[in-house]
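Subject: Structure handover

Hello,

Please find the structure below, followed by notes on what was found in it.

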Amino acid sequence: MMAALYVLPMILASTSVADCEGLPIPFSPDGNAIKKNMTGVVELELFWDWLCPYSRNHSYGVLDASRHYGDKLQLIIHPFPLPYHRHAFETSWASFVARALAGDSMDKQLQFGIYAFSQQTALYNDPTFNMTPADIQNILARWGNECCGFDTAQFLGLFTRKSHSGELVYLNANEAWKYSANRGIAATPTTFVNGVPVLNSNSTWKLADWINLLDPIFARNNASWDLGF
């Protein structure tokens, strides 16, 4: 399924409620999505750092839930590089390079990010202490080739601020971080369901935990739209 990476504009409030850490979760995404049928859909919004081990572990249960619910569960994934992971921003930037090289493919950006999860120890702070910025970019370009088949020279050609196209990709990565920071995100993983933070969701969650959370929401979602006519 396609995992969108940007939040759609939403207007108008929903009246359905559910209890989650004291804050109601609407049973369908709040508002009206333009040109998109949201009936029966639950929106799972995630803030992940591709170099964060807790984000990596969190992804296992999330992706199992995505497979379990299929198109009924809309994933919205925001790369949010944390400053104390020294190469997190470059890795997030590289995921936007992958997206651009694939014709603005959000799926390809997620594919790169999931691969980065599997390789992330190579870019932890200690192993890269003596590496240069060029070394880091070469590693990330190699990941782009290994996971997505991108030509490394082409990847590096867009992984720079020295060209107009490269600058635009950099700005996308930069502004995505600012968007998350403006939402008050300070740690990864951070999870929202239908716009409401799920404070107890953490890296230990398995498919069963997501089912316990989401099944009642889906059940009420479907019932709230069945008006009997």
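Phe-150 and Phe-155 are both buried (buried means under 20% relative accessible area, exposed over 50%, partly exposed in between, with a 1.4 Å probe and protein chains only). Their rings form a tilted aromatic pair, 6.2 Å centre to centre and with 45° between the planes. Rings of Phe, Tyr and Trp (its six-membered ring) pair if their centres lie within 6.5 Å, and planes under 30 degrees apart count as stacked, over 60 as edge-to-face and the rest as tilted.

Before the rest, the conditions. This is a predicted model, in which local features need pLDDT of at least 70 and side-chain atom pairs count only at pLDDT 80 or more, while totals for chains, interfaces and linings use all residues. Residues are numbered from 1 along each chain as its sequence is written, and side-chain values use heavy atoms, with hydrogens and water left out.

Overall layout

The chain has seven helices and six strands; helices (H or I, at least four residues) and strands (E, at least two) are DSSP runs, numbered from the N terminus. In order from the N terminus, the elements run β-β-β-α-β-α-α-α-α-α-β-β-α. Of the 229 residues in the chain, 47% are buried. Among contacts with a separation of 6 or more, 73% are between residues 24 or more positions apart, where contact means heavy atoms within 4.5 Å.

Helix α3 covers residues 106-119, which is 14 residues, and reaches 20 Å from its first C-alpha to its last, close to the 20 Å expected at 1.5 Å a residue. That expected span is 1.5 Å times one less than the number of residues. Its buried residues are Met-106, Gln-109, Leu-110, Phe-112, Gly-113, Ala-116 and Phe-117. Seen down the axis of α3, these fall within an arc of 160°, so they line one face of the helix; the arc is that of the directions from the helix axis to the C-beta atoms. They pack against β3 (42-48), α1 (53-69), β4 (73-79), α2 (88-101), α4 (133-148) and α5 (152-158).

The largest nonpolar core has 46 residues, and those with the most contacts inside it are Leu-73, Phe-112, Phe-155 and Leu-214. A nonpolar core is a set of buried Ala, Val, Leu, Ile, Met, Phe, Trp, Tyr and Cys residues joined through side-chain atoms within 4.5 Å. Helix α4 gives the most to this core, with seven residues. A second, separate core of five residues includes Phe-47, Phe-80, Ile-185 and Phe-192.

Leaving aside neighbours within four places in sequence, the contacts of Phe-112 include Leu-140, Trp-143, Cys-147 and Phe-155. Phe-112 and Phe-155 also belong to one aromatic cluster with Phe-89, Trp-93, Phe-150, Phe-159 and Tyr-170.

Rings and charges

The count comes to 14 aromatic pairs. One of them is Tyr-69 with Phe-218, which is stacked at 4.8 Å centre to centre and 25° between the planes. This pair links distant parts of the chain, with Tyr-69 in helix α1 and Phe-218 in helix α7 (residues 207-225), 149 residues apart. Both Tyr-69 and Phe-218 are buried.

Lys-72 lies over the face of Phe-218, at 4.8 Å from the ring centre. Arg-183 lies over the face of Phe-192, also at 4.8 Å from the ring centre. The rule is that NZ of Lys or CZ of Arg is within 6 Å of the ring centre and within 35 degrees of the ring normal.

Trp-210 is in helix α7 and is buried, with a relative accessible area of 0%. Not counting residues up to four places away in sequence, Trp-210 touches Tyr-69, Leu-44, His-58 and Trp-205, among others.

Backbone points to check

Most residues other than glycine have a negative phi, and most peptide bonds are trans. The peptide bond from Thr-188 to Pro-189 is cis, with omega near 0°; Pro-189 is in the loop between α6 (164-182) and β5 (190-193). Asp-104, in the loop between α2 and α3, has a positive phi of about 65°. Asn-194 has a positive phi of about 50° and lies in the loop between β5 and β6 (196-197). Asn-194 is buried, with a relative accessible area of 3%.

Regards
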